[in-house]
Amino acid sequence: MTRKFALLCMLTAFGCSKDHNGPAPGRAILTFPEQDKICTNGILQSDSTTTLIFTWENSLNTSNYELHYKNLISRDSTSIIVNSNMAAVLLRRGQPYSWYVVSKSSETPVTTKSDVWKFYMEGPGAITYAPYPAALTAPLFGAKVDAGTVDLTWTGNDPDNDISSYDVYFGTTLTPPLLQSNVTNMYLNGLAIVANTTYYWKIVTHDAKGNTSMSDQFQFFVQ
């Protein structure tokens, strides 16, 4: 009995030694590039590229940060880990980006994500800007919904404030067909859906100057 008790204590102590019970890291407050900023300037490297320095406020209980940034046209996503509240990265000129910061701590596996901001890099002689890709809001990616009908909702944003319409692509194939064009609201309600089926959808945004952008593609499952 004594040996078993001693062994149990040793195992318990060993297991507890791996626990990380420190406080969760705080949420980083983004500072630059600013939300929805157009003509964001960096350090010019070539006709097509610029070095931009991202900055944010230090967060509490944080050992390091993970900066995530994404080209909203090409869909290329990148993440880098830094030990300070700034990072210099090479970006393409005249392109829209989104970015956020994840705070991490060596004392706990818990991480904390900042807000997600979008901005437009300055471009050579850019006069108009394409809309930001629409942000799909419901149903969320991977959601499970009941059979019957579904309402699709999204949000749109354009640096020139001249969005004219949306095209809705929706269906049961990996490349969903165009369901309806020239939608002027940021929703499409009452779409019929059947049980035990996966649906895919995305939005193409048009502005008054003929520019377009395509959202991410979401999918949901009908129970």
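1. Asparagine 196 is exposed, with a relative accessible area of 63%; here buried means under 20% relative accessible area, exposed over 50% and partly exposed in between, computed with a 1.4 Å probe on protein chains only. The residue lies in the loop between β16 (187-193) and β17 (197-207). Strands are DSSP runs of E with at least two residues, and helices are runs of H or I with at least four, numbered from the N terminus. Asparagine 196 touches Phe221, Val222 and Gln223, leaving aside residues up to four places away in sequence, where contact means heavy atoms within 4.5 Å. Its C-alpha atom is separated by 5.5 Å from that of valine 222, 26 residues apart along the chain.

2. On the basis of the model: it is predicted, so that local features need pLDDT of at least 70 and side-chain atom pairs count only at pLDDT 80 or more, while totals for chains, interfaces and linings use all residues. Residues are numbered from 1 along each chain as its sequence is written, and side-chain values use heavy atoms, with hydrogens and water left out.

3. Strand β8 (residues 96-105) has 8 of its 10 residues buried, so it is largely enclosed by the rest of the structure. Strands pair if DSSP finds at least two bridges between them. Strand β5 (residues 64-71) runs antiparallel to β8 and is joined to it by 8 bridges; lysine 70 has serine 98 of β8 as its bridge partner.

4. Antiparallel pairing also joins β8 to β10 (residues 117-121) through 4 bridges, with tyrosine 97 opposite phenylalanine 119. A hairpin of 2 residues connects β8 to β9.

5. The model holds 15 aromatic pairs, defined as rings of Phe, Tyr and Trp (its six-membered ring) with centres within 6.5 Å; planes under 30 degrees apart are stacked, over 60 edge-to-face and the rest tilted. Phenylalanine 54 and phenylalanine 119 have ring centres 5.9 Å apart and planes at 70°, so this pair is edge-to-face. Phenylalanine 54 lies in β4 (residues 49-57) and phenylalanine 119 in β10, 65 residues apart. Phenylalanine 54 is buried at 0% relative accessibility, as phenylalanine 119 is at 0%.

6. Tyrosine 199 and phenylalanine 220 are stacked, 5.7 Å centre to centre with 15° between the planes. Tyrosine 199 is buried at 7% relative accessible area, and phenylalanine 220 is buried at 1%.
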